[in-house]
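These are my notebook entries for one protein chain. I wrote down what I looked up, in the order I looked it up.

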Amino acid sequence: MRVLSMKIAEYVDRMSPLWVEGQIVQLNVRARTAYLTLRDADVDMSLSLTVPTNTLNAMGPLVREGARVVVHAKPTFWTKRGQLMLEGRVMRPVGEGELLLRLEQLKRTLAAEGIFDRDRKKALPFLPRRIGLVTGRAGAAENDVVENARRRWPTARFEIRHVAVQGPDTVQQVGGAIRELDEIDDVDVIVVARGGGSFEDLLPFSNEALVRVVAAARTPIVSAIGHDVDTPLLDHVADLRASTPTDAGKSIVPDLALESSSLREARVRLSQGLRGRFAAERRHLNALASRPALADPSSLVADRRDDLDRMTNRSAYALRQRLSRAHDQVAHARAQVVALSPQRTLDRGYAVVQQVDGTLVTSRESVSANDLLKVTVADGNFAATPVSATPTRDSKAPTPKKKTNAARKTRGDDA
C-alpha cells in the first residue's frame with residue numbers, strides 16, 4: 001500500500017495547477033487554513049479543497065455555503081488517507097452577470113431542443129385525486145399552497161415532500177422528490193413551491209439537471225418559485241407557471257362555492273327547460289287529440305271502407321271490359337279461322353281429290369285413266385274413276401268407245 005500510495009502521489013504531483021469551478025458545500029475555517037468541499041453544480045461529484053484563511057477573508061461575505069466560486073488549485077494526493085485533494089491558491093466568486101449569461105445560453109440550448117414548447121405541456125386535471133407538493137420544511141410556501149387549495153376545495157388531499165429549497169442539495173433533493181411523486185398513481189398534479197429569495201437562492205431551480213427531470217415527468221407540474229418577477233428556468237419547462245405559491249393553490253383545484261353556484265344555476269336552467277319542453281309536448285298532444293281523426297276514430301275506417309269500395313268497383317269494371325275485349329278478339333280470330341278453313345272452301349263447291357294412298361292430286365298428269373280416286377266434298381267423300389287422262393309413255397292409246405250419256409256428262413264436267 002505504501003508503494004502504491006507513493007506512486008499515485010508522484011503521478012498527481014506532476015499535474016499542473018488548473019482553474020476549477022464549483023459550489024461550496026461545506027466550509028470549515030481554522031486558524032490558517034480553511035477546509036471546503038467543492039461540488040459540481042450539475043451532478044453529485046465533489047472534491048475536498050484547502051485554501052489559506054487569508055485568501056478566504058479577502059473575498060469578504062461572498063464566500064458562504066452555496067456560493068459558486070472559481071479556484072486556481074493544484075491537485076495533491078494525501079498518502080496517509082489515500083485521498084485526492086485540491087490546494088487552492090486563488091479563489092474568485094462567480095459574478096451574477098456571468099451567471100445570467102450562462103443561464104441565457106442554457107435557456108437557448110434547451111429551447112432549441114423543444115423542452116419549452118407549448119405543445120408538449122400537459123393539461124391539469126379538473127379535480128386531482130391527490131396533489132403532490134415539493135417544498136421546504138415549515139415554510140410559508142407550503143402553508144400558502146395547502147390553505148388556499150383547501151379553502152377552495154376542503155377535501156383536497158396532499159402528498160408532501162419536504163426538501164432543501166436552498167443550497168447545494170436543492171437540485172438533488174427536489175429532483176428526487178419529483179421522481180418519487182411521479183411514480184405514485186393517484187398523484188395527478190405536482191406543485192414545486194418556494195418563497196422569494198435572492199438570485200443565488202433561486203439559482204438551483206434553473207439547473208439543467210432539474211429542468212430535464214421536470215421535462216421527463218408524466219404528471220403535470222406546477223412551478224410556484226418566488227414571486228411574479230422571479231423567472232427561473234423551471235417556470236418555462238413546467239406545465240403551468242404560478243406567480244406565487246398562493247396562486248398555485250388556487251390553480252390546482254376548482255372553487256367549491258363557484259362550482260356549487262354553477263351547479264344550482266344549471267339545475268334551474270334544466271328544470272325550466274324540462275318544464276318548457278313538457279308544456280310544448282302537452283300542447284302538441286292536445287292539438288293532435290283535437291283533430292277529427294282522433295275525435296272520431298271510426299271516421300278513418302269509414303273513409304278507408306269507401307275507398308275500398310270504389311277501388312273494388314273500378315277493378316270489377318276494368319276486369320269486365322278486359323274480358324269483353326278479349327271475347328271480341330276471340331270471335332274475330334274464330335271468324336278468320338273459319339273463313340280460311342278447308343271446310344269453308346268445300347262448302348263453296350270445291351273438292352279435294354286424293355290417290356288411294358292419300359296423296360293429293362294437284363296435276364292432271366299425276367293420274368291415269370281408270371285410276372281409283374277419292375273425292376272429298378262438303379258433306380262427305382266418294383270414289384271416282386277418270387275416263388280420260390294423260391296416257392303414260394308405255395301404254396298405247398285406248399280404242400275409242402261408243403260414247404254414252406254418262407261419258408258425255410263426265411266430259412262435259414271436265415270441260
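**Entry 1**

In which sense do E2 and strand E3 pair, and over how many bridges? I found that E2 and strand E3 (residues 46-52) pair in the antiparallel sense over 7 bridges. Before going on I noted that this is a predicted model, in which local features need pLDDT of at least 70, side-chain atom pairs count only at pLDDT 80 or more, and totals for chains, interfaces and linings use all residues. Residues are numbered from 1 along each chain as its sequence is written, and side-chain values use heavy atoms, with hydrogens and water left out.

I also wrote down the terms. Two strands pair if DSSP finds at least two bridges between them. Helices (H or I, at least four residues) and strands (E, at least two) are DSSP runs, numbered from the N terminus.

I then followed single residues across the strands. Leu 36 has Leu 49 as its bridge partner in E3. Leu 49 in turn has Leu 86 as its bridge partner in E5.

**Entry 2: Leu 38**

Next I picked Leu 38, which lies in strand E2 (residues 33-39). Is Leu 38 buried or exposed? Leu 38 has a relative accessible area of 6%, and buried means under 20%, exposed over 50%, partly exposed in between (1.4 Å probe, protein chains only). Leu 38 is therefore buried.

I listed its contacts (heavy atoms within 4.5 Å). Leaving aside neighbours within four places in sequence, Leu 38 touches residues including Val 20, Ile 24, Met 45, Leu 47, Leu 49 and Val 71. I also looked up a distance: 146 Å separates the C-alpha atoms of Leu 38 and Asp 357, which are 319 residues apart along the chain.

**Entry 3: Asp 188**

I turned to Asp 188 in strand E8 (residues 187-194). Asp 188 counts as buried because its relative accessible area is 17%. Beyond its neighbours within four places in sequence, Asp 188 is in contact with Pro 125, Pro 128, Arg 129, Arg 130, Thr 219 and Pro 220.

**Entry 4: the sheet E11-E12-E13**

I looked up another group of strands. Here 3 strands form an open sheet in the order E11-E12-E13, with antiparallel pairing. Strand E11 (352-354) and strand E13 (380-384) are the edge strands, and each pairs on one side only. E11 and strand E12 (residues 373-377) pair over 3 bridges in the antiparallel sense. Lys 374 in E12 is the bridge partner of Gln 354.

**Entry 5: the UniProt span**

I checked the UniProt record. Its unreviewed entry lists residues 115-336 as "domain: Exonuclease VII large subunit C-terminal". In the model, the end C-alpha atoms of residues 115-336 lie 105 Å apart, and the span is 56% helix and 12% strand.

**Entry 6: the whole chain**

Last, I looked at the chain as a whole. I found 13 helices and 13 strands. The radius of gyration (taken over C-alpha atoms) is 63 Å, well over the 22 Å that the globule rule gives for 415 residues, so the chain is more spread out than a compact globule. The globule rule is 2.2 Å times the number of residues to the power 0.38. Along the principal axes, the C-alpha atoms fill a box of roughly 195 × 80 × 40 Å. I also noted that 31% of the 415 residues count as buried.

How values were computed. UniProt positions are given in the numbering used here, feature names are shortened, and annotations may be inferred rather than shown by experiment.
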